[in-house]
Amino acid sequence: LTCTQMYRSHSYYRPGWRAMAGLLTACKRTCVCCFKVVQWIPVVFVSAVIIWGYYVYVFEMNISGKFPKPPGSPHLSIFISAMLILMAHLLLILQLVSYIRTIFTKHREIPDQFCLTDEQVETLEELIDGQAFLREVAANLPVHTLTKNGCVRYCDTCEVVKPDRCHHCSVCGRCILKMDHHCPWVNNCVGYSNYKFFVLFLFYTVVLLLYFCITGLYDFIRSWSDTLKEDRAAKFNVILCFFVCACFAVSIAPLLFFHLYLVMSNKCTLENLAAPITADGPDQKLFDRGVRGNLRQVFGRSCLLALLPVHTSE
């Protein structure tokens with residue numbers, strides 16, 4: 001038998017095994033596609049809540065005329081509703097742009113100087129203990145953090161020496177610079193490239209929710225009145241939307257304050273859980289540059305652009 005005949009005579013290449021392998025490959029691809037679809041469910045849910053809240057606040061509470069502000073004064077009511085809608089749209093645009101940029105901002109690639117060449121990868125795979133080789137490679141790189149065992153932080157999947165504050169995300173399947181966490185609500189990792197957008201999204205979400213609760217409190221109280229002649233659907237929407245906004249505001253505000261604390265102390269969530277390790281041991285303040293310097297790293301040096309969803313991080 002020739003080599004080709006012997007190769008094809010292997011059991012894997014018999015018709016039955018080929019069919020089974022094809023079926024397994026198709027099942028794997030189907031599962032991957034289903035997983036990718038499922039990942040977007042939280043984003044769809046958040047988008048649906050925003051659309052529903054927009055409809056209730058703008059159309060039911062202001063445009064429809066079912067909840068005049070104040071009752072008996074149509075011209076003043078129209079003016080107040082117009083101002084409320086204008087401010088709501090401004091906050092909503094800032095929130096939506098921040099949310100969209102958090103979701104769709106592509107993370108920066110790891111700089112080439114941290115990536116091992118094919119020859120270096122082959123050399124590393126041939127070594128039983130590759131730490132000596134990795135230390136030699138990392139000696140010329142600007143890295144200061146180590147693993148818990150004092151080893152060079154190396155990613156076998158991406159084949160890179162990890163820069164400081166860089167971590168591998170198993171969901172995204174790649175290393176993320178200054179990784180904070182993987183957030184299912186945005187279906188993306190939160191890291192260097194989109195951290196400012198994520199914090200602004202939390203900020204404008206809390207502000208928008210509080211704005212709705214404060215400006216909609218009068219209509220919420222009137223919705224409980226039996227003398228009000230609005231239809232039941234409008235009353236139900238206003239009451240439910242008020243409770244939903246209040247609950248979301250109470251739950252998201254602590255998360256916002258936590259990330260503001262991280263920004264001012266120049267830490268990410270992972271570093272807050274476990275201090276970065278250097279040759280001198282763990283150091284919680286390794287990247288601390290003072291409150292002003294820490295704020296600049298995320299929001300940039302321009303006060304005018306700090307609260308706008310544009311990239312100004314240093």
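A salt bridge here is a side-chain nitrogen of Lys or Arg within 4 Å of a carboxyl oxygen of Asp or Glu. The views below come from a predicted model.

**View 1. A buried salt bridge between Arg-165 and Glu-271**. The two side chains meet at 2.8 Å, N to O. This pair ties together distant parts of the chain, 106 residues apart: Arg-165 sits in the loop between β2 (160–161) and β3 (167–169), and Glu-271 in helix α10 (residues 269–273). With 9% relative accessibility, Arg-165 counts as buried, and so does Glu-271 at 5%.

**View 2. The salt bridge of Arg-301 and Glu-314**. A search of the whole structure turns up two salt bridges, and here the closest N and O atoms are 2.8 Å apart. Both residues belong to the segment after α11 (290–299), 13 residues apart. Arg-301 is exposed at 58% relative accessibility, while Glu-314 is partly exposed at 42%.

**View 3. Thr-145 in contact with Asp-164**. Their side chains make a polar contact at 2.8 Å. Thr-145 belongs to the loop between α6 (131–138) and β1 (154–155).

View 4. Asp-118 is part of helix α5 (residues 118–126) and, at 60% relative accessibility, counts as exposed.

**View 5. A nonpolar patch on the surface**. Trp-40, Val-44, Ile-100 and Phe-104 together show about 410 Å² of accessible area. Phe-104 lies in helix α4 (residues 74–104) and is exposed, with 54% relative accessibility.

Conventions. Residues are numbered from 1 along each chain as its sequence is written. This is a predicted model: local features need pLDDT of at least 70, side-chain atom pairs count only at pLDDT 80 or more; totals for chains, interfaces and linings use all residues. Side-chain values use heavy atoms; hydrogens and water are left out. Helices (H or I, at least four residues) and strands (E, at least two) are DSSP runs, numbered from the N terminus. Buried means under 20% relative accessible area, exposed over 50%, partly exposed in between (1.4 Å probe, protein chains only). Patches are made of residues with over 30% relative accessible area and no salt bridge: like charges are joined within 9 Å, nonpolar side chains (Val, Leu, Ile, Met, Phe, Trp, Tyr) within 5 Å. Accessible areas come from the Shrake-Rupley method with a 1.4 Å probe; for residues, only the protein chains shown count as cover. A polar contact is a pair of N or O atoms within 3.5 Å; within protein, one must be able to donate a hydrogen and the other to accept it, and residues adjacent in sequence count only if both atoms are side-chain atoms.
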